[in-house]
Amino acid sequence: MQRTETDHQHLSRAIDLATRGRGQVHPNPVVGAVVVKDDVVVGEGWHAEYGGPHAEVNAISACDGADLTGATIYVSLEPCCHTGKTGPCTDAILQAGISRVVVASDDPTEKASGRGLGILRDEGVVVDVAGGELAARARLANQAFRKHARTGRPWVLFKSAMTLDGKVATRTGDSKWISSDSSRALAHKWRASVDAVVVGIGTALADDPQLTARIEDPSGGELRQPRRVVFDATARLPLDSKLVQQAPEIPLTVVVSRAAPRSAADALESAGADVIVATGEHEPARVRSALDQLGEAGIHAVLLEGGPHLAGAFLDAGEIDEVRLFLAPLLLGGSKARDPLEGEGVEKISEALRALTLDCERVADDVLISARLREW
């Protein structure tokens, strides 16, 4: 599109507004909108809650009945044209008399994907679609939504804490605590932002974790806890573990293989856990099978917390989308100390997965390294 500096400014603002809905609109995407007439912003809005009005409707409502004939609306995601919990945003735009729509990114879902823009064009509305940096920013705001729409599987964020020599535990398995209090608090925020937290049975047996987000809800309400997911091929998770004991209140899914004893799986289900059977000839295939089933259940984003064996299987399966590593100022040494990723790995450096982006920041005494591996 041929856009002016003003277009860039307003579309950038729409993308910023979209992020205000993060954590509140799942499974919908975050969306922001700005209405401009005669070079003056007359309304702004964002999708604020699941089931509530979409960003375009909120922005138009914020115009307080102003005549929007000839106005432009800037939207971070293409407007919807279907009826769900709310009516089509394309109808709201047409009814308002808006004559131009500027969109930052596409909606990859089958029920959308260009349809809304086509309807607007057919009705004489000028439609411009951004590219470059603005489009990339808008897509990055909805990576979980986009991956689920395209593959049916959840977006996976792998988080780990390691020492300067790249170890996540001593040779005896001790790992508490490598990262700082501040780093662990940040990880709890990440838990609150995803649909599920994933660990392997080794971590569950060694740590007896809760895998809950133990922070206060910034809005003052009740914090939405993520589903806890344990990859446990032979259904060894103890019935008296914290995860199982809390299952009636906080959802728990146990991923087993066909090798799991039926009696053990039934006992977990009787205790309140959901049990799914992952199929496939090897661990990476079973990871993909499990993610397919979690995606079908409405899980769009997961935080993978390990351990190294499961993390390696996810990497071998090609199902890690972003990595966040806390690097602590510690040295462990020891050839038998644990690495963050196991699995098969690659045979040649040329086959290694290269990050698309790399960012570093200081968190107390640690360094947080964030790497995006895929863009959806």
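**Cysteines and helix packing**

A: A disulfide is a pair of cysteine sulfur atoms within 2.5 Å, and the structure holds 0 disulfides. C81 is in no disulfide, and the nearest cysteine sulfur, that of C80, lies 7.1 Å away. The model is predicted: local features need pLDDT of at least 70 and side-chain atom pairs pLDDT 80 or more, while totals for chains, interfaces and linings use all residues. Residues are numbered from 1 along each chain as its sequence is written, and side-chain values use heavy atoms, with hydrogens and water left out.

Q: Is C89 buried or exposed?

A: Buried means under 20% relative accessible area, exposed over 50%, and partly exposed in between, with a 1.4 Å probe and protein chains only. C89 counts as buried because its relative accessibility is 1%; C81, at 18%, also counts as buried.

Q: At what angle do helix α3 and helix α4 pack?

A: Helices are DSSP runs (H or I, at least four residues) numbered from the N terminus. Axes are lines fitted to C-alpha atoms over the stretch in contact, and angles between N-to-C directions run from 0 to 180 degrees. Helix α3 (residues 89–96) and helix α4 (residues 115–122) pack at about 25 degrees, their axes 10 Å apart. Angles under 35 degrees count as roughly parallel, so α3 and α4 are roughly parallel to each other.

Q: Which residues make the contact of α3 and α4?

A: Contact means heavy atoms within 4.5 Å. T90, I93 and L94 of α3 meet G116, I119 and L120 of α4.

Conventions:
Helix = DSSP H or I, 4+ residues; strand = E, 2+ residues; numbered from the N terminus. Parallel < 35°, antiparallel > 145°, perpendicular 65-115°, else oblique.
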